[in-house]
Amino acid sequence: MLIRAYLRASTTEQDAQRAKEELKAFGAKFDHRIAGYYIENQSGTKLERPELNKLIEDSEDGDVLLIEKMDRLTRLPWGEWKTLKARIMEKGVIIVVADQSMTHAVFTSGEQNSITLALTEFMLDLGAAMARDDYETRHKRQAQGIAKAKVEGKYRGRQPNLVLHYDILDQLTLGRSYSQIQEKLGCSRATIARVVKDS
């Protein structure tokens, strides 16, 4: 059994590797080492994600797909979640969610009987539904807030991250390349180019 950890953040401005140490510690708690980390900046509402696809392709029957929280794996609509889950299950891969103890049975018992498998699947489906609901609720509230601000004449659109903006300018002044700035600040080339254009 190999453990493959999947780490995801929605945008390049977010740190997809934030939970890496937590997942490493989780594996160590059960005397298991993580064989690989699959890290990407993609929305959880997208079914096709290169690193997730690679993780599934690399996995074999009995391997573990480890995630920090269910929303790292999916914020998909229900039908698309079922499609993704079917792909994972067809490979015989076991999904373990660090913050859902019900999914840890593969580590504690060494095997999963039909009851634990059914409970685990139920917890995964519940977690997937909650992750999608949270996504839809946040977007609905955001849209309501924007509509209200427009009516009141207060809407100014999405504001730039000024701290990141000044950090990028500072790095450019020091003669750093785009690649060096990306690595140091964790931002995208498009963000750097936008700052250069706006300055």
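Reader: Among the contacts in the protein with a separation of 6 or more, what share comes from residues 24 or more positions apart?

Author: The model is a predicted one. Here, contacts with a separation of 6 or more are considered, and the part asked for joins residues 24 or more positions apart. That share is 68%.

Reader: In what order do the elements of the protein run from the N terminus on?

Author: The secondary structure comes to nine helices and four strands. Read from the N terminus, the order is β-α-β-α-β-α-α-β-α-α-α-α-α.

Reader: Is Lys85 buried or exposed?

Author: Lys85 lies in helix α4, residues 78–90. A residue counts as buried under 20% relative accessible area. The value for Lys85 is 4%, and therefore Lys85 is buried.

Reader: Which residue forms a salt bridge with Lys85?

Author: Side chains of opposite charge can pair when their charged atoms come close. For Lys85, the closest N and O atoms of the pair are 2.9 Å apart. The partner lies in helix α6, residues 114–151, so the pair ties together parts that are 40 residues apart in sequence.

Reader: In which helix do Lys24 and Glu21 both lie?

Author: Lys24 and Glu21 form a salt bridge, with their closest N and O atoms 3.7 Å apart. Lys24 is partly exposed, with a relative accessible area of 41%, while Glu21 counts as exposed at 53%. The two residues are three residues apart, about one turn of the helix, and that helix is α1 (residues 20–29).

Reader: How far apart are the mean positions of the positive and negative charges of the protein?

Author: The protein has 31 positive and 29 negative charges. Among these charged side chains, the count of salt bridges comes to 14. The mean positions of the positive and negative charges are separated by 7 Å.

Methods
Residues numbered from 1 in each chain as written. Predicted model: local features only at pLDDT ≥ 70, side-chain atom pairs only at ≥ 80, totals over all residues. Heavy atoms only, no water. Contact = heavy atoms within 4.5 Å. Lys, Arg positive; Asp, Glu negative; His and termini not counted. Charge placed at Lys NZ, Arg CZ, Asp CG, Glu CD. Salt bridge = Lys/Arg side-chain N within 4 Å of Asp/Glu carboxyl O. Buried < 20%, exposed > 50% of the residue type's maximum accessible area, 1.4 Å probe, protein only.
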